[in-house]
Each structure stands twice: as C-alpha cells, then as structure tokens.
Amino acid sequence: MPQSIEFIIKIILISIVTVILLLRRRYWSTLKQGNILLFGMAIICLASYFNFGFFHTDGSFIHNWEQYHYVLGSKYFKELGYDGLYAAGLLALKENSKEYTQPTLVRDLRTNQVVEAAAIESHQKEVRNRFSDKRWKDFAADATGVFIPQDVWLDHGYNPTPAWTFIGQLFSRWLPWNTKTAYFFGFIDIILLMILFIFFLRTFGIENTLCMVILFSINYCSRFYWTGGAFLRQDWFLAAGLGFCALHKNRLGCAGAAFGYATAVRIFPVFFVVALILYFAYGFWKKRTFRKPLLFVSVFASTLVIMLVLGSFTGRGVKAWSESFDNLKAHHSIPLANDFGIDTLVYTSASAFLGDLTDPEHINNDTLIRKDIVKLKEERKILHLIITIVLSLLLIKFLIQKTTPLKAALTGMGLMFCIISPTCYYWSMLAFLPLSGIESPRDTTEITLITLFANLLIYLWLPVYFVLLHFHFFTRMSVAVFYPQIIILGVLLGFLLTREYGAKSLLSAKKMQPDEIDDIHTSHTNRFLFNVSKYTLSEDLRYLWAAWNSDSSSCV
C-alpha cells in the first residue's frame, strides 16, 4: 500500500476513534454501545496495522531487509560477528549471482563509515576464511535466495546483543532462509503480539486493552512499515508488556524476570528498571521497607546473569559480549537519522532538517549528516547537558511521588527520551501510555486521546514536509516526525502532574474524599471538551496554579 493512502486511512481512523472516545466518555460510559463501537474500531485499526492485507509498500508481507540482518546475522554469528555481514554478503552474491552488480558505496561495519566498495575487498577475504567450506556454501545459498535491494549495504549491520542472538538461533539455525521460510520467521512477531494482547486483556480488562491495541495499530512508530514481517523484533515489547502486567498484579518477581529479559535483548528497557529502583529507593527511605523491592532487583539481576551466560553460547564465547559492547558504542556514538531523543533535537541543524545534507542517489548515505552532528556536538554539548539534567530531575521528582510501581516504571520512557535516543520504531512503547491512568477509566481515555492527537499531527504534518521540503528518509527524519510527539507528550506529562499533585493537594487542604476529587476533575475536563464556549481561562489557570504549587509533603 502506498504511504500516502496509508496516511489518509490513519487520519480517518484517528478521527473516528477520537469521536467515539469522546462520545463514550460523555454518554456511554456505562452502556454497551460504547464498548461495542470501541471494540469494532480496535479491530479495524488492527487491520490497518497490516494495511488491510497490503502490508508493505510493495504488497509483500516479508520484510526482506530486516530478515537479512536478523536471520543471517544470528544464524552465522559465529563467523560473521558484528563486522562481517556485508562483506560476506557481497562476496556471496559476487560468486553465486549472475545478476550481481557491485554497489558503488558500502558501509564498513568495522568503522561504521560509508566507503567505496573496493575498500572492503581485503576484509571480504578475511571474513571468508572464518567459514568452513560447508558453512560458506550454506551461507551463500541463504544470502542469495531472497532479493535484497542495493541500499541494504548502507544500513548499520547486525546489532542485537548476544542474548538476543541466542534466542534468535533457536529458530534460525535449523532452517534455510528463502521465500518460504521467511513467512515462518515473519509470523513469530504476530504470535508474540497476540500473546501480549491476551495477557493485557486478562490483566487490565477490555477497555484498557482496546486502547492499547488502537494506539499500537495507529501509532506512527509502530507502523508495519518499520518492522512488520521481520524476525523476532517484538520480543522485547512482549517482555516489557508482561512486566507491566506483573507490576499491576504486584508480582514483582515476575516483573523482574520480564524486564531482565527485555534489558538483556535490547538494553534500553533498563530505564523502566531505573525508574522503578528510584521509586523503591524513595519508598525505602520513607518507610524502611525493602522485602518486595529486593525480590524485584534480585530476580532482575538473576535473569540478566542467565541471559549473559546464554549469550556466551552463540559461537563466539564470552568475547561476544565485549564485541557487542564495542559495536553498540560505535553504532550509537553519533545519533542516527531515525533515532529520537533530546540529543536528536539539539544536534540537528537547519541544513540537515531541510535535506541539504542528503545524498539523493543513496538516501541511506548519512556521511554528511554525521559530520554535521559531530560539529554540533562540540558547539551545543553544554546546552544538551543542561536540558538533559533539568528534564531528568523533573521526571525523577515526578516518579518518586507516584503511588504505584506501574506508574513509576512507565516514567522510564521519559528518562529514555532525556538520556538516550532509541530508534524510532522502539517508540511503539507509547502504546503503553494509557496504563498511566489505569486507576481511572477517565484518565485512560484522556491519555489515549492525547496520544491519538499527537499521531494525528504527525500524519497531517508529514505530507507537508514531503512536498514543501522535498523529504528524503535521512533528512533527520525523526526530528521532522516527532516534533508533534514532543509537544503532545509534554502536555501529557503536565496533565499527569496536574492530576497527581492537584488531587492530593485538595485532599490535604480540604480533607476531601477521592470520589469528590474525581467529580471535580470530571467536571473540569467535561467543560473543556464539550462546552468550549463556557471555558474560562482564568479559572483553569487558577486550577493549574493550585495544582503545581501544592505542598510536596502531601504527595508522599
């Protein structure tokens, strides 16, 4: 399906879901019609995730590009390591494909720099010598069995941890990679998502699950375009989701195991754990209770140790972990064009944003963008440090005053945004945001609406960016896409802070009951959403001022 058609469909679906949520919140909160309509829209949105059966822009279900990296990278990890995938792949094509045409440019995975293809010829020989004749024959058959576009050689290679490699090898080592087995590899993620939806339904109920399904299906970050039809790309998402389920059920041991797995295979989920540890540490300081937090930390650490050991049985021994560390350090030393975090915003120049540094013939050639980022890092590092510290401290203040481990863990998303820059498709975790309001259906609905609105802005803004700025993929794409997300998520954070602090301040000052506070919030929100003509700015400013200036001691 063409992206233009997909965007139009997503805009229509977001608009319809927004209307249903507003009407349901206003009129159908206790009636079956609201849930029936929401269920129907969740099914339609889920179908839109698969582009109604048209899948990728070429109509194929299989993501050849992704599977090339993850299936071959894991299956032949013993010989390829982190530096040999492109060198071996090009050599196999040269030896076995009559249609082979040597690319002009290729990324040298030893340095992560784009170079002339001839510059890696000696490296090709070195990688070939790592294979036995039988293994090389198998690799050549796999590497030439599925069509791969030329620009694949300008991607960033194979980057999963050895822990993920061990899990991947459980599937990839037994099968060849061809047009038939590719469907098996691609369906694994579909099964994982189905498992997650089932666990969410049993843990959080139908309404929260439908909101999560809708957000995952419509969210720009989770589009099928990115990782649909790939190989085992949603295992961390399943693990993180199971961790949130366990936290809601107060099963901290299970949560520790789930987050331990997610951290071992993708690293960045450790920020969910960091947020939890800060929350637990604050609770220990206030109440001197540590039994359950200790259970969480011990299980999390034990899971990490188990995954570290398993990662050493991937063919390269213990050194696989040091190689992985060096590879990730090189990979993230300079933000990629589709990474997203505070540093992405700070280290983007007008030239990069407008596409002046993009190679029109090789859109994956980010050499000029990388040089521009290196220059900006020297000029703006103090600004980046100040912004990171201020936002991180605000988030830490917010999370330590949360009332549940689940809410504290979700705050880890904000810490990720401040401190690191996950690749855009990992922000599919935004589908978990409605869990921040799990204690109130009203809050869940409003957080869902805010997140939907953020995505609506993205789908409306991108076509403008395409047409007016002659958009190419590596024109600092994440900046163009996620400016609306930043604005809306900032509003969301303010909304959560206002709700949390404002309610507790009123409880403390006026000795009001929680249900009275809920009535006040509902009245305030209904006035804003449904009676705009009666909306009084000064009254809302007083409301916000009282919330933000609440006594912090009443929030503990």
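This is a predicted model: local features need pLDDT of at least 70, side-chain atom pairs count only at pLDDT 80 or more; totals for chains, interfaces and linings use all residues.
User: How many disulfides does the model have?
Analyst: A disulfide needs two cysteine sulfur atoms within 2.5 Å of each other. By this rule, the count is zero disulfides.

User: Is Cys45 buried or exposed?
Analyst: The relative accessible area of Cys45 is 0%. Buried means under 20%, so Cys45, at 0%, is buried.

User: What is the volume of the largest cavity?
Analyst: The count of cavities of 30 Å³ or more comes to five. The largest cavity has a volume of about 80 Å³.

User: How do the lining residues of the largest cavity divide into nonpolar, polar and charged?
Analyst: The lining includes Phe216, Trp226 and Tyr425, and Phe, Trp and Tyr count as nonpolar. Arg223 and Arg233 also line this cavity, and Arg counts as charged. Ser222, Thr227, Gln234 and Ser428 are among the other lining residues. The division is six nonpolar, four polar and two charged.

User: Which elements give two or more residues to the lining of the second largest cavity?
Analyst: The second largest cavity has a volume of about 50 Å³. Its lining is made up of Leu90, Lys94, Tyr100, Gln102, Ala117, Glu121 and Gln124. The elements that give two or more of these residues are α5 (85-96) and α6 (121-128).

Methods
Residues are numbered from 1 along each chain as its sequence is written. Side-chain values use heavy atoms; hydrogens and water are left out. Buried means under 20% relative accessible area, exposed over 50%, partly exposed in between (1.4 Å probe, protein chains only). On a 1 Å grid over the protein atoms alone, a cavity is a set of points where a 1.4 Å probe fits but cannot get out, and a pocket is an open set with protein on both sides within 12 Å along at least five of seven lines; lining residues have an atom within 4 Å of a point. Grid points are joined across faces, edges and corners, and a volume is the space filled by probe spheres set on the points. Helices (H or I, at least four residues) and strands (E, at least two) are DSSP runs, numbered from the N terminus.
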